[in-house]
Amino acid sequence: MARLSIPAYLLAPLAMSVALGGMLAAPLASAQSQLKIAVVNVPRLLEEAPQAKTAMQALQDEFSPRQREMAAQQKDLKAKEEKLQRDGAVMAENERRNAEKELREGQRDLARKQNEYVEDLNVRRNEELGKLQRSLLQEVQAYARSSGYDLVVGDGVLFVNEQLDITPQVLSALQARAKSGGVKPASPPAKQ
């Protein structure tokens, strides 16, 4: 088996860079032990924040009239269909064809309205979710800055010690901001 020999002029810089890396890593390791780190449960914030509940209620209020209109149209179509089934045999041929045509057109119109409703609702929900996510991000950043955190992790956390979870504090700040109606993110509650 051939033995690999490394020339001495290559070993000196390699040894120097390993030593330099070790010297640089030592202060970094001690700085890491002094970092103030926290975790935020983003799905919990999205679910429990009063701003999220307000946004969902606004969407419900905005889209409920259209939902009621479609329900009424669906009920009307069902009544027409039942009448056609019940009386179709005794109707004149022309009258029956007109009733069938009217029923088909009504069903197509309802399907079109339902598709538009779903699309409009999804667009508005995504808009509101984007606004909410930006607002929550600002709140978390403001809380982290005012509390002196160096790092706040949100997604992809598989385990966290409860002492590092600042979600309840951020939720409290969000609730305080919602009650005060203020635009600026609230400061963190005083530690006890």
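The sections below take the chain as a whole and then its parts.

## Chain overview

The model is a predicted one. Its chain has five helices and two strands. Read from the N terminus, the order of these elements is α-β-α-α-α-β-α.

Of the 192 residues in the chain, 22% are buried. The accessible surface of the chain amounts to about 14200 Å², and carbon and sulfur atoms account for 56% of that surface. When contacts between residues at least 6 apart in sequence are considered, 80% of them join residues at least 24 apart.

## Helix H5

Helix H5 covers residues 167–180, which is 14 residues.

The buried residues in H5 are Thr167, Val170, Leu171, Ala173, Leu174 and Arg177. These residues lie on the same side of H5, because the arc they cover around the axis is only 160 degrees. Their packing partners are strand S1 (37–39), helix H2 (42–48), helix H3 (50–87) and helix H4 (93–147).

On the face of H5 turned away from the buried side are Lys179 and Ser180, both of which are exposed. After H5 comes Gly181, with a positive phi near 70 degrees.

## Glu128 in helix H4

Helix H4, one of the elements against which the buried residues of H5 pack, contains Glu128. Is this residue buried or exposed? Glu128 has a relative accessible area of 13%; the cut-off for buried is under 20%, so Glu128 counts as buried.

Neighbours within four places in sequence aside, Glu128 is in contact with Ala55 and Leu59.

## A nonpolar surface patch

Which residues form a nonpolar patch on the surface? The patch is made of Leu35, Ile37 and Leu151, and together they have about 220 Å² of accessible area.

Leu151 belongs to strand S2, which covers residues 151–153. The relative accessibility of Leu151 is 41%.

Note on methods: Residues numbered from 1 in each chain as written. Predicted model: local features only at pLDDT ≥ 70, side-chain atom pairs only at ≥ 80, totals over all residues. Heavy atoms only, no water. Helix = DSSP H or I, 4+ residues; strand = E, 2+ residues; numbered from the N terminus. Expected span 1.5 Å × (residues − 1). Buried < 20%, exposed > 50% of the residue type's maximum accessible area, 1.4 Å probe, protein only. Arc of directions from axis to C-beta. Contact = heavy atoms within 4.5 Å. Patch = residues over 30% accessible without salt bridge, like charges linked within 9 Å, V, L, I, M, F, W, Y side chains within 5 Å. Areas by Shrake-Rupley, 256 points an atom, 1.4 Å probe, with all protein chains shown as cover. Salt bridge = Lys/Arg side-chain N within 4 Å of Asp/Glu carboxyl O.
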